[in-house]
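Here is a friendly walk through some helix packing and a chain-to-chain contact. Have the structure open beside you as you read.

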Amino acid sequence: MAKGSGNAAPAPASASAARGFDMAAHVRRINAQDKAATVVLTLIVGFVLLILAAIVVYVLASGAGKLFDLGFLTGKPQQFKEGGGIGPQLFNSFYLLVLTLLISVPISLGAAIFLAEYAPDNRATAIAKTLIETLSSLPSIVVGLFGFLFFVLYLGWGFSIIAGAVALTMFNVPILVRVIQQALENVPRTQRDAALAMGLTRWETTIHVLLPVAMPAIVTGIVLSAGRVFGEAAALIFTAGQSAPMLDFTNFDLSSPACPWNVFRPAETLAVHIWKINSEGVVPDLEAVSNGTAAVLLVCILAFNLLARLVGKLLERRMTSE
Amino acid sequence: MISVENFKLWYGDFQALKGITLEVPKNQVTAFIGPSGCGKSTLLRAMNRMCDFVGGVRHEGSIAIDGRDVFASDPNELRVAVGMVFQHPNPFPLSIRDNILYGPRRMRRISKAEGDEIVECSLRDAGLFDEVKDKLDQSGLGISGGQQQRLCIARALAVDPQVLLMDEPTSALDPISTGLVEELMLSLARERTVVVVTHNMQQATRVADRTAFFYLGELVEEGPTKRLFSDPREQRTQEYLTGRFG
């Protein structure tokens, strides 16, 4: 609400009254506008929140039965019978996420540091920035089909975790570069001055001063992008594949499809699983499996978001007062 | 001693310094005064080559510190010998101890005992030791603005610079902190050359042995502070001091 809007309008000053300007009416009008804006904006936000909350509650409520069912979370998926689980998919989703981050975070850090600190302010840099922005809005199905043609077929990796991770990297890097670059550019000028005036090189300044200061924002950005990667389906359908061989956690033969750590095995993730059972599933309980999977996926992503805030805050606090 | 010889500097097409010649004596406080945009900060930032980071900068003439041409030196080496304190306190997001040891640790390995000694010495020189001695491991960002500024001074002192450049070091501070920093300038100048840019003419009279008045990129007048304030030789100096412009 507008503060102080209840105050009586001051009497019109003589000079403005002489010019026919009614101060009291003007104050009434701008206060009314402010109130109207508050109401309209609150309604818009309320409407959006309502829709989001409804979706979240619906997904969680539909899948609630399976969400806490350990047999479902760790079990083996079924092709034709009911009672299938999502054990391999759950593991695949996390494994793929970790691999994707292992590849995309170092690349993004390097690129962002270069763009924020080293790149000369010229046409080439401007073009590179535009390209990165374009890449970040590339539809994920396009990334997926490119990955299919190039990594799966041309390089002969087959449907594999590594093909999926590289495809996800392609669409994660542009987002991460932007987030990290922004975080570095938001470091106050005074910090940069302090470092440079002490005779630190650009590299020392970046590593010892800018990165630590920007770290809360960087970590938050990475975790949020992890949420997106975790829920991605289109880019994975044709790269990591749609089959989830049962995993044997005692198997360390990196060439075996049952070895969880083998990066050349096909690996269906949670999001792809939802897509697959809904489009071609024949199990009798496909709705329950699909709802349960969706709920698990949603809970994971909510957890990522909460984690992002928590870690960001903790880092921030550690920096300002240990 | 800092000798500035016919020094000119341009930002793009704008000439910010128009041929400055000036001797800044060793182990004294010299104040640069003048209205905004007169070039005093620009000259200060040329002395440790912080001007290098501004796009489109060009300069002519020379600046030498103890006979060494600053523009022929390695800038990072130069900035270790020529410390700088800024208008806004800017400690690193590290503990108070690590802030001070940051500079020394870059140059050599510092043992725990030696580190403690450097921390205590620098903090004592900056008049801050008694206030923070129990929280050396807390963040340098967690203390008051005036304390942060003295921490920045201590950080600069830890590498034992010959010259300390101060760019309006008290303009963001309260009167009590300002007083402390001013006392500090006087004591620091016993062993090093201090150059301070200030908007506050009273500050110049309180701390500076010599004062230089800049106007529109020129050095109008330079001399012992007492003489410059009581008996300015140039009309523009007199007009500025009596508040007729600026």
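## An oblique pair in chain A

H6(A) and H7(A) lie oblique to each other, because an angle of about 140 degrees separates them and only angles over 145 count as roughly antiparallel. Keep in mind that this is a predicted model. Helix H6 covers residues 140-154 of chain A and helix H7 covers residues 161-185, and their axes are 9 Å apart. The crossing of H6(A) past H7(A) is right-handed.

Which residues bring H6(A) and H7(A) together? From H6(A) come A:Ser140, A:Val143, A:Phe146, A:Phe151 and A:Val152, and they meet A:Ala163, A:Val166, A:Ala167, A:Met170 and A:Phe171 of H7(A). Sorted by class, the contact of these two helices holds 9 nonpolar residues, 1 polar residue and no charged ones.

## An antiparallel pair in chain A

Further along chain A, helix H8 (residues 189-197) packs against helix H9 (residues 202-231). The angle here is about 160 degrees and the axes are 10 Å apart. H8(A) and H9(A) are therefore roughly antiparallel to each other. Their crossing, too, is described as right-handed.

On the H8(A) side, the contact uses A:Gln191, A:Arg192, A:Ala195 and A:Leu196. H9(A) contributes A:Thr205, A:Val209, A:Leu210 and A:Val213. This contact of H8(A) with H9(A) has 5 nonpolar, 2 polar and 1 charged residues.

## A helix pair in chain B

Now turn to chain B, where helix H3 (residues 96-107) packs with helix H6 (residues 145-157). The angle between them is about 35 degrees, and 7 Å separates their axes. H3(B) passes H6(B) in a right-handed crossing.

By class, the contact of H3(B) with H6(B) is made up of 4 nonpolar, 1 polar and 1 charged residues.

## Where the two chains meet

How many residues of each chain are in contact across the interface? Chain B supplies 25 residues, which touch 19 residues of chain A. The two chains bury about 1800 Å² between them, and carbon and sulfur atoms give 60% of that area.

The interface of chain B and chain A also has 1 salt bridge. A:Glu204 pairs with B:Arg106 in a salt bridge, with the closest N and O atoms 2.8 Å apart.

Notes: Residues are numbered from 1 along each chain as its sequence is written. Chains are lettered from A and ligands numbered from 1 in the order in which they are written. This is a predicted model: local features need pLDDT of at least 70, side-chain atom pairs count only at pLDDT 80 or more; totals for chains, interfaces and linings use all residues. Side-chain values use heavy atoms; hydrogens and water are left out. Axes are lines fitted to C-alpha atoms, for helices over the stretch in contact, and angles run from 0 to 180 degrees between N-to-C directions. Helices (H or I, at least four residues) and strands (E, at least two) are DSSP runs, numbered from the N terminus. Angles under 35 degrees count as roughly parallel, over 145 as roughly antiparallel, 65 to 115 as roughly perpendicular and the rest as oblique. A crossing is left-handed if the near helix is turned anticlockwise from the far one by less than a right angle, and right-handed if clockwise. Contact means heavy atoms within 4.5 Å. Ala, Val, Leu, Ile, Met, Phe, Trp, Tyr, Cys and Pro count as nonpolar, Asp, Glu, Lys and Arg as charged, and the others, Gly among them, as polar. Buried area is the accessible area (1.4 Å probe) that two parts lose on being put together, summed over both. A salt bridge is a side-chain nitrogen of Lys or Arg within 4 Å of a carboxyl oxygen of Asp or Glu.
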